[in-house]
Amino acid sequence: MADTVAPQTIGIIMNGASGRMGYRQHLVRSILAIREQGGVLLADGETRVQVEMILVGRSEKKLADLAAKHGIEHYTTNLDEALADDRWQIYADFLVTKARAAAIKKAIAAGKAIYTEKPTAESFEEALELARLADEAGIKNGVVHDKLYLPGLQKLKRLIDSGFFGRILSVRGEFGYWVFEGDWQPAQRPSWNYRAEDGGGIIVDMFPHWNYVLENLFGRVESVYAKAVTEIPERVDERGDRYPATADDAAYAIFELEGGVVAQLNSSWTTRVNRDELVEFQVDGTHGSAVVGLFGCKIQPRNATPKPVWNPDLADEHDYAGDWIESPGNREFENGFKTQWEEFIRHVVEDAPNEFDFLAGARGVLLAEQGLVSSREGRRVEIPVVALEAGAAASDAAASDTAAIAAAEAEFAGAR
Ligand SMILES: NC(=O)c1ccc[n+]([C@@H]2O[C@H](COP(=O)([O-])OP(=O)(O)OC[C@H]3O[C@@H](n4cnc5c(N)ncnc54)[C@H](O)[C@@H]3O)[C@@H](O)[C@H]2O)c1
C-alpha cells in the first residue's frame with residue numbers, strides 16, 4: 001500500500017460508492033474513466049492530474065468485491081479514518097439523502113473539498129447551513145448538476161445562446177416512466193425513494209434538478225405551484241416485503257421564471273412513456289421552437305412552421321412530427337457526470353470557476369420544500385432569492401409557511 005499519493009495525483013474519498021449512483025455514474029463512468037484516460041487535463045493543455053480513490057461504505061464485503069473488480073487499492077468502512085488522512089483531498093458523497101448532511105459536516109470539519117449528489121440536505125435550513133459552514137471553512141464545494149451536461153440540454157443551451165428562439169415564451173417538460181411496484185416485477189429504483197420518512201419523494205428528488213435546469217437556461221424560479229400525489233399507495237421492497245408508499249410518486253407543477261417565462265413540468269414514476277426519451281422539454285419562442293431530450297434536439301423555426309386550421313369534422317393527415325429538423329451535435333458529448341467531475345477537480349486543483357456550489361444546491365432544496373408547501377396548501381408559493389447572508393429571509397419564509405399550515409390545520413380541527 002502506497003504511503004503517499006504523488007503530487008500530480010488527487011485523492012478522492014468516495015462515500016456510498018456501492019450505491020446505484022455512486023457505483024455506475026460516479027465510480028465507473030466518471031472517476032475510473034478519468035483514471036483510465038490518465039487523469040484530468042488542466043488549463044495549460046499539457047498537465048494531467050491523476051485520480052486515486054478510497055471507497056467508503058458500510059459493508060466491507062461489498063467494498064472488497066468492488067475494489068477487486070476494478071483494481072482499486074483502498075477501501076474502508078471507517079469514514080472518520082479516511083477523513084483524517086491527508087492523502088485524500090476531496091470528499092465525495094453519494095449516500096441516501098437522509099445520511100448526507102451529517103457526513104458532509106464531518107468532511108467540512110476535516111477541511112476537505114466536497115463534491116456531492118443532490119439534494120444536499122433534507123431541509124432548506126440544513127442545506128443553507130452546509131453552504132454557510134463550507135463558506136466559513138473556506139473549502140471548495142460542488143453539487144451534481146448532471147442534467148445540464150446532457151447532450152440534448154447542451155444543444156438547447158447553444159440554441160438559446162444563438163438567439164434561435166427570439167423571445168422565449170414557455171417551457172413544457174415531461175419526465176418519467178413506470179416504476180414497477182415490486183410485486184410481480186422487481187422495482188427498478190430503490191424502495192427508500194417511495195418512503196417520505198427515508199428521504200424519498202419525487203418532488204424532493206426532481207425539483208432540485210428542475211431548479212438548476214431552469215435557472216441556468218431560462219431564469220431564476222420566482223414562484224411554484226405544485227400538486228404532489230401518491231398514486232401507488234403500497235409497494236414491495238428489495239426483500240419482497242410490502243410497505244406503505246408514504247412519499248409522492250408524481251408531481252404536476254408550474255414555475256414562473258424571472259423574465260416572464262412560464263415552465264410546466266410533470267414528474268412521474270407512474271406514467272407510461274409515449275415520447276422519444278425519458279425526459280423531454282418543449283421550448284416555444286417567438287422565432288422558433290425546440291424539443292430536447294437526453295440526447296436529441298429537434299427544432300422548428302418560424303419560417304418552417306405549418307399553419308394548422310382546427311376542423312373537428314376532418315381527420316388531419318398532416319405529419320406534424322415530420323415538420324421538425326434534427327439539430328446536429330457537431331461535437332462529441334461525454335458522460336455528463338464525468339465532465340462535471342473534471343470541472344470540479346480543475347476547480348480544486350487550479351481554481352477553475354465553479355458556479356454549482358452548495359448555495360446552488362440549497363436553492364434546489366428550497367424549491368423542493370416550497371413545492372411541497374404549495375401542494376399541501378393548494379396555492380402558488382413565491383421563492384425568495386437565496387444568498388448566504390440573506391438566507392434568514394428565505395428561512396423565515398419557509399417557517400411562516402409551516403406556521404400557516406399549522407394554523408390552517410388547527411382551524412380545520414376546531415371547525416369539526
Ligand atoms: N443526479 C441524479 O440524477 C440522481 C439520480 C438518482 C439519485 N440521485 C441521488 O443520489 C443519492 C443516492 O441515490 P441512489 O439511487 O444511488 O441510492 P442507493 O440506495 O442505490 O445508494 C445509496 C447508498 O447510501 C448507502 N446508505 C444507505 N443508508 C445509509 C446510512 N444510513 N448511512 C450511510 N450510508 C447509507 C447505501 O449503502 C448506498 O451505498 C440520493 O441522494 C439521490 O437523491 C441522484
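Reader: Which residues have the most contacts inside the largest nonpolar core?

Author: This is a predicted model. Phe 207, Phe 218 and Phe 255 have the most contacts inside the largest nonpolar core, which has 82 residues.

Reader: What makes it a nonpolar core?

Author: Its members must be buried residues of kinds such as Phe, joined through side-chain atoms within 4.5 Å. Buried means under 20% relative accessible area. The 82 residues are counted as a core, so they meet these conditions. In soluble globular proteins, nonpolar side chains tend to be buried together.

Reader: Which helix gives the largest share of this core?

Author: Helix α7, residues 202-217, gives the largest share, with 9 residues.

Reader: Why is this core said to lie between domain 1 and domain 2?

Author: Domain 1 (8-146 + 336-358) and domain 2 (149-326) both give residues to it, so the core lies between them.

Reader: What is Phe 207 in contact with, leaving aside its neighbours within four places in sequence?

Author: Among its contacts are Ile 202, Val 224, Ala 251, Phe 255 and Leu 367. Contact here means heavy atoms within 4.5 Å.

Reader: How many residues are in the second, separate core?

Author: That core has 30 residues, including Leu 63, Ala 113, Tyr 115 and Trp 341.

Reader: How many cavities of 30 Å³ or more does the structure hold?

Author: There are 2 of them.

Reader: What makes a space a cavity and not a pocket?

Author: In a cavity a 1.4 Å probe fits but cannot get out, whereas a pocket is an open set.

Reader: Which residues lie nearest the centre of the largest cavity?

Author: Of the 13 residues that line the largest cavity, Lys 118, Pro 208, Ala 360, Gly 361 and Gly 364 lie nearest its centre. Helix α9 gives the most to this lining, with 4 residues. By class, the lining has 7 nonpolar, 5 polar and 1 charged residues.

Reader: Why does the largest cavity lie between domain 1 and domain 2?

Author: Both domains give residues to its lining, so the cavity lies between them.

Reader: Which element gives the most to the lining of the second largest cavity?

Author: That is α8, with 3 residues. The lining includes Tyr 115, Gln 340, Glu 343 and Phe 344. Its classes are 6 nonpolar, 3 polar and 1 charged. Glu counts as charged, so Glu 343 is the charged residue.

Terms used. Residues numbered from 1 in each chain as written. Predicted model: local features only at pLDDT ≥ 70, side-chain atom pairs only at ≥ 80, totals over all residues. Heavy atoms only, no water. Buried < 20%, exposed > 50% of the residue type's maximum accessible area, 1.4 Å probe, protein only. Helix = DSSP H or I, 4+ residues; strand = E, 2+ residues; numbered from the N terminus. Domains from an automatic or database assignment. 1 Å grid on protein atoms, 1.4 Å probe; cavity = no way out; pocket = protein on both sides within 12 Å on 5 of 7 lines; lining within 4 Å. Points joined across faces, edges and corners; volume = space filled by probe spheres on them.
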